[in-house]
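Please look over the sequence and the three-dimensional model below before reading on.

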Amino acid sequence: MTRPTENAAPYRLRTISSEEHLAFVAGRPSASHMQVPSWGDVKPDWRAESLGWFDERGDIAGAGLVLYRPVPKLNRYLAYLPEGPLIDWYAQDLSLWLRPMLAHLKARGAFSVKMGPPVVARRWDADTVKAAVADPAAHRLGNVEPTASDPRAPGIAAQLRRAGWRQGDDGGQDGFSAGQPRYVFQVPFAGRSLEDIQRGFNQQWRRNIKKAEKAGVKVVRADHDELPVFYELYRETAERDRFLPRPLPYFQRMWRALSAEDPDRMRLYLAHHEGEVLSAATMLTVGAHVWYSYGASTSRKREVQPNNAIQWRMMSDAHEMGASVYDLRGITDTLDESNHLLGLLRFKAGTGGQAAEYLGEWDFPLSKLLHKAFDLYMARR
């Protein structure tokens, strides 16, 4: 990525086409599925725009998908760049990137900007997570000594604070933010064989995969027409795990939008046993980064371990596709045994991967009055 020289002028920023945006993403080793043009079509209540940053030679040096959410009764917007933008976050002077973005968004009618820098600040390996879960003195993962830290991350956060950005809510008591998760669990694939990856699983995971095979669980790729099958399990999961489910048309729209951009961007998997679908999951891919996106399962026949079976099939396919990382998405950073999300953390940690903490989401109030009013409106919904 192009870096400006010291005392250089800010990058020039303009709206770019979907084709320009996709071409830039294709040249990067990793980009969030929420930073490709088609993600704007998944969110019909938001207006989407692709932004491009250009250097002094006129070459594109950064890109971002911004979603504009209108405020009721006002011709003003919240501008949101989920898990983006795709710029040089390690630049000595981030203002060269962010100042033109804020000016552009303000001219578009934004009263506040929210973004999620795709910067991993800290990582904890699976053994450290396991020890933390077992330690009654450890209450939050964020307070546990990490396995690895990026020494550049505090400097990025300091630059943002000096420029007037405010770090958003870190998710309260369960570690999930109001936007995108700050804590995720990832399994590194780069340079590892499929056998290496399975050897990294804990004993329970390896045993459960064998149980599923012995019981005759069959995991198959499905298509758009079988999304209602996934959805029935998803609704059951939402009721069991106490979260508000998205409607079926959301997933159908996601499939159409992402598949139109890339036929392999979104996949659906179903785990069958004796004619019954016990588990289902969606998988998203951008370049060498693969995400386990949504999962659903029934409480019936858990003893045949369909959830482990479906994850193993998706990991196997992701490895065959050349993935460098398999991302299991959000986890709680709360280690309290009473927290209903702790079981999900244990399940993901069984893959032998790493918990990762991003810098979190950051807000810039372009109008402090409207920003505060919008916060109050959202809190009352």
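What follows goes from the chain as a whole to a few single residues.

This is a predicted model, in which local features need a pLDDT of at least 70 and side-chain atom pairs count only at pLDDT 80 or more, while totals for chains, interfaces and linings use all residues. Residues are numbered from 1 along each chain as its sequence is written, and side-chain values use heavy atoms, with hydrogens and water left out.

## The chain as a whole

The chain contains 12 helices and 16 strands, where helices (H or I, at least four residues) and strands (E, at least two) are DSSP runs numbered from the N terminus. Its radius of gyration is 21 Å, close to the 21 Å that the globule rule gives for 381 residues, so the chain is as compact as a globular protein of that length; the radius is taken over C-alpha atoms, and the rule is 2.2 Å times the number of residues to the power 0.38. Along the principal axes, the C-alpha atoms fill a box of roughly 65 × 45 × 45 Å.

Of the 381 residues, 52% count as buried, a term that means under 20% relative accessible area, with exposed meaning over 50% and partly exposed lying in between (1.4 Å probe, protein chains only). Among contacts (heavy atoms within 4.5 Å) between residues at least 6 apart in sequence, 73% join residues at least 24 apart.

The confidence of the predictor is given by pLDDT, on a scale from 0 to 100 for each residue. The chain averages a pLDDT of 93, and 94% of the residues score at least 70. Over residues 171–177, however, the pLDDT is below 50, although this stretch has 30 contacts in the model beyond near neighbours in sequence. Where pLDDT is low, the predicted coordinates should not be read in detail.

## Residues in strands

S112 is part of strand β5, which covers residues 110–115, and with a relative accessibility of 1% this residue counts as buried. Leaving out residues up to four places away in sequence, S112 touches Y77, L78, A79, F364, P365, L366 and H371.

V184 belongs to strand β9 (residues 183–188) and counts as buried too, at 2% relative accessibility. Which residues does V184 touch, not counting those up to four places away in sequence? They are D327, R329, G330, I331, Q354, A355, A356 and Y358.

D125 has its place in strand β6 (residues 120–125) and is partly exposed, with a relative accessible area of 28%. Apart from neighbours within four places in sequence, D125 is in contact with T147, G353 and Q354.

## Residues in helices, and some distances

L96 sits in helix α3 and is buried, its relative accessible area being 6%. E213, by contrast, is exposed, with a relative accessible area of 56%, and is found in helix α7 (residues 203–215).

| Pair | Apart in sequence | C-alpha distance |
|---|---|---|
| L96 and P10 | 86 residues | 4.1 Å |
| D125 and P146 | 21 residues | 8.1 Å |
| E213 and Q305 | 92 residues | 9.1 Å |
| V184 and N75 | 109 residues | 36 Å |

## Backbone features

Most residues other than glycine have a negative phi, and most peptide bonds are trans.

G84 and P85 are joined by a cis peptide bond, with omega at about 10 degrees, and P85 is found in the loop between β4 (77–81) and α3 (95–107).

E274 is not a glycine and yet has a positive phi, near 50 degrees. This residue lies in the loop between β11 (266–273) and β12 (276–286) and is exposed, with a relative accessible area of 67%.

R329, which is not a glycine either, has a positive phi of about 65 degrees. Its place is in strand β14 (residues 325–330), and R329 is buried, with a relative accessible area of 13%.
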